[in-house]
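Here is a friendly briefing to read with the model open beside you. It goes from a single residue to its surroundings, and then on to the second chain.

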Amino acid sequence: MRTFAGGRARDTPLLLSHLVPQAAARIGDRPAVRCLADELTYNELDQRVATLAGALVEAGVQSGDRVGIHVHKSLETMVGVHGILRAGAAYVPLDALAPIEMLDHITVDCGIEVVVTHDARRMSIIELCETSDVVRHIVGLSEAVPGTATTSWDQVSKSNPIAPVEVLSDDLAYVMYTSGSTGVPKGIMHTHRSGLRYALQSAAIYGLNSDDKLANFSPLHFDMSTFEMFAGPSAGACSVILTEPYLMMPASCAELLSRERCTVTYTVPSVYLQLLYRGGLDQYDLSSVRWLNFGGEVFPPAALADLMSHFPAATVSNVYGPAEVNQVTFHHITEPPAGEHQVPIGRACPDVDLSIVGPDGRRVAHGEAGELMVRSSTMMQGYWNRPDLDAAAFDRVIAPGGRVETWFRTGDIVSADESGVLTFVGRRDHQVKVRGHRVELEWIESALGDVPKVEHAVVGVRRGEAGSDELIAAVVLAPGADFDVADIRRQLADRLPAYAVPSQLSLAEDFPRTASGKVDRRAARTELTGRCR
Amino acid sequence: MSDITSERLLAFVNSEISTSPERVELESDLLLSGAVDSLGVIRITQWIEDELSIEVSPLDVTLENFQTVALMLAYIDSVSA
């Protein structure tokens with residue numbers, strides 16, 4: 001028998017699942033989440049979260065279970081995440097647009113037996129249930145999936161509402177999968193403590209309050225989403241959900257940001273660049289925005305200066321931190337960057353320790369570039385079921401007195417100026433960012449190599465016309481094979497999420513070779529990106 | 001709208017843009033199906049500009065004009081008139 005010290009009406013949240021009921025108790029009539037014409041107040045959100053948690057417990061979900069969430073951006077995004085957490089389980093985002101093969105891998109790897117969804121995803125849920133051996137219960141479909149227990153949202157609304165199932169703050173809260181270099185996605189494990197520390201810290205840095213409306217750009221599988229999901233409710237702010245079609249149509253998106261009077265925006269530079277170049281921003285009043293936050297990529301300075309001219313009341317914040325550690329540094333600017341100087345990633349957040357080390361593991365001399373190491377309360381617990389990756393990612397250092405310090409190796413190369421402000425220099429490996437998504441070039445090359453008619457493939461990055469980076473690929477075909485671009489793209493789409501499918505495929509006779517006859521990837525990539533520039 | 005433009009646009013979307021296993025038809029919802037992502041939308045507008053010599057105002061790239069190939073064709077018709 002496990003028991004926990006009680007007390008539900010705490011003033012200070014200990015768990016992510018405390019955020020919604022506490023906001024409801026304080027400001028229950030204020031809006032919590034808006035999605036186009038729909039809105040839930042904190043009282044209404046709390047009620048829907050409570051009944052979903054009740055339905056999940058009735059479906060057999062127990063503390064520590066991993067529950068999948070597979071939804072388009074909608075009110076159910078917020079209800080689903082907080083409902084799963086309230087049931088004592090950890091949520092695992094299943095990207096609504098990822099190939100079934102990838103979702104199947106995640107459900108098996110993470111042991112996901114229950115998935116929360118909605119009717120818009122019915123077809124892919126049916127496909128997932130046919131493929132997956134582990135999924136046994138679907139919550140959120142109006143009609144049952146053959147061979148799988150199903151609970152509809154209508155039945156959910158009639159379930160017994162429950163208070164948060166008490167777990168420990170060091171227990172698992174969510175697992176986010178990201179690309180690995182071999183093509184096998186890896187699950188980043190965050191606890192209630194690491195998620196909550198990030199939420200409270202960013203709410204404090206940006207002074208969030210119940211008058212704020214946070215523009216919700218990021219899909220759930222993208223770690224930036226935790227800002228709107230958790231930092232928002234911790235401050236009683238309202239999350240304004242931008243649905244996928246709006247995100248693809250910059251002019252529609254700009255109109256919505258203006259109409260909703262959003263006060264905080266947080267997304268990747270490539271999304272802002274689309275708003276800048278294609279959003280018709282001068283047509284809209286965007287003076288309600290007080291924080292314009294970006295992260296995940298370097299922002300081209302001239303474009304950032306242009307963007308700032310459309311947001312007259314906004315302070316810009318460059319937010320830095322790999323998904324493994326959440327946000328660990330920030331740098332604010334109120335004046336547009338001058339010339340071609342990129343915005344620094346800035347200084348450490350409170351409760352964060354940073355160190356810049358050389359290849360020998362020693363701290364570099366002042367001003368030199370090195371790999372950024374991080375130690376913080378916002379750090380992940382590790383990678384799901386991957387002790388090999390944990391061993392590579394964490395550096396455990398014995399500090400004086402025998403105390404063990406755990407440092408995370410970011411793989412990011414940075415340098416510090418005299419005052420300790422950090423600037424991003426590059427990567428230690430071949431990881432690149434495409435529209436904010438982490439992509440390892442080897443992963444795509446390996447997926448291309450799995451296409452039967454492709455003998456060798458090389459993938460590179462070029463600066464696209466929209467101002468953000470695009471993936472390009474060249475292939476050498478097996479003898480006698482046709483170069484059918486559409487067919488290769490479709491086969492790739494079965495293996496990779498959409499953002500990782502190169503936007504341009506070209507045919508090569510052969511690639512540069514090393515002395516031993518292997519493809520010289522470095523030379524081939526240079527040749528490819530030079531040709532397509 | 002000529003049938004030729006319709007066929008060419010559908011062929012372009014299916015071969016160069018869509019990553020969906022199902023063939024994109026005139027009325028397919030491109031945005032929610034995952035057949036087209038934000039970069040795909042940009043490439044479609046570039047195709048319309050280059051191949052049809054039509055200047056597409058960024059303000060016209062909206063849900064009303066681009067959610068399906070049929071809506072794109074109606075838009076092309078309205079601006080080439």
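**A buried serine and its surroundings**

A:Ser468 is buried, because 25 other C-beta atoms lie within 10 Å and 20 or more are enough for that label. Please keep in mind that this is a predicted model. Its scores are ipTM 0.80 and pTM 0.89.

**Around A:Ser468**

- You will find A:Ser468 in the loop between strand 25 and strand 26 of chain A.
- Leaving aside residues up to four places away in sequence, A:Ser468 touches A:Pro269, A:Ser270, A:Leu273 and A:Arg435.
- A:Lys433 is 35 residues from A:Ser468 in sequence, while their C-alpha atoms are 9.5 Å apart in space.

- In chain A, 3 strands make up an open sheet with mixed pairing, in the order 25-26-27.
- Strand 25 and strand 27 (504-507) of chain A are the edge strands; each has a single partner strand, so one side of each has no neighbour in the sheet.
- On average, and ignoring direction, neighbouring strands of this sheet are turned by 25° against each other.
- Strand 25 and strand 26 of chain A pair in the antiparallel sense, with 9 bridges.

**Helix 14 of chain A**

- Helix 14 of chain A covers residues 441-449, and its buried residues are A:Leu441, A:Trp443, A:Ile444, A:Glu445, A:Ala447 and A:Leu448.
- These buried residues pack against strand 25 (454-463) and strand 26 (469-477) of chain A, and also against strand 23 (431-434), strand 24 (437-440) and helix 15 (485-493) of chain A.

**Where chain B touches chain A**

- Contacts between the chains involve 20 residues of chain B and 28 residues of chain A.
- On the chain B side, helix 1 (3-17), helix 2 and helix 3 (63-66) are the elements that give two or more residues.
- Helix 2 of chain B provides the largest share of that side, 4 residues.
- Sorted by class, the side of chain B that touches chain A has 11 nonpolar, 7 polar and 2 charged residues.

**Confidence in chain B**

- The average pLDDT of chain B is 87, and 98% of the residues score at least 70.

How values were computed. Residues are numbered from 1 along each chain as its sequence is written. Chains are lettered from A and ligands numbered from 1 in the order in which they are written. This is a predicted model: local features need pLDDT of at least 70, side-chain atom pairs count only at pLDDT 80 or more; totals for chains, interfaces and linings use all residues. A residue is buried if 20 or more other C-beta atoms lie within 10 Å of its own, exposed if 12 or fewer, and partly exposed in between; C-beta atoms are placed from the backbone. Two residues are in contact if their C-beta atoms, placed from the backbone, lie within 7 Å. Two strands pair if DSSP finds at least two bridges between them. Axes are lines fitted to C-alpha atoms, for helices over the stretch in contact, and angles run from 0 to 180 degrees between N-to-C directions. pLDDT is the predictor's confidence in each residue, from 0 to 100. Ala, Val, Leu, Ile, Met, Phe, Trp, Tyr, Cys and Pro count as nonpolar, Asp, Glu, Lys and Arg as charged, and the others, Gly among them, as polar.
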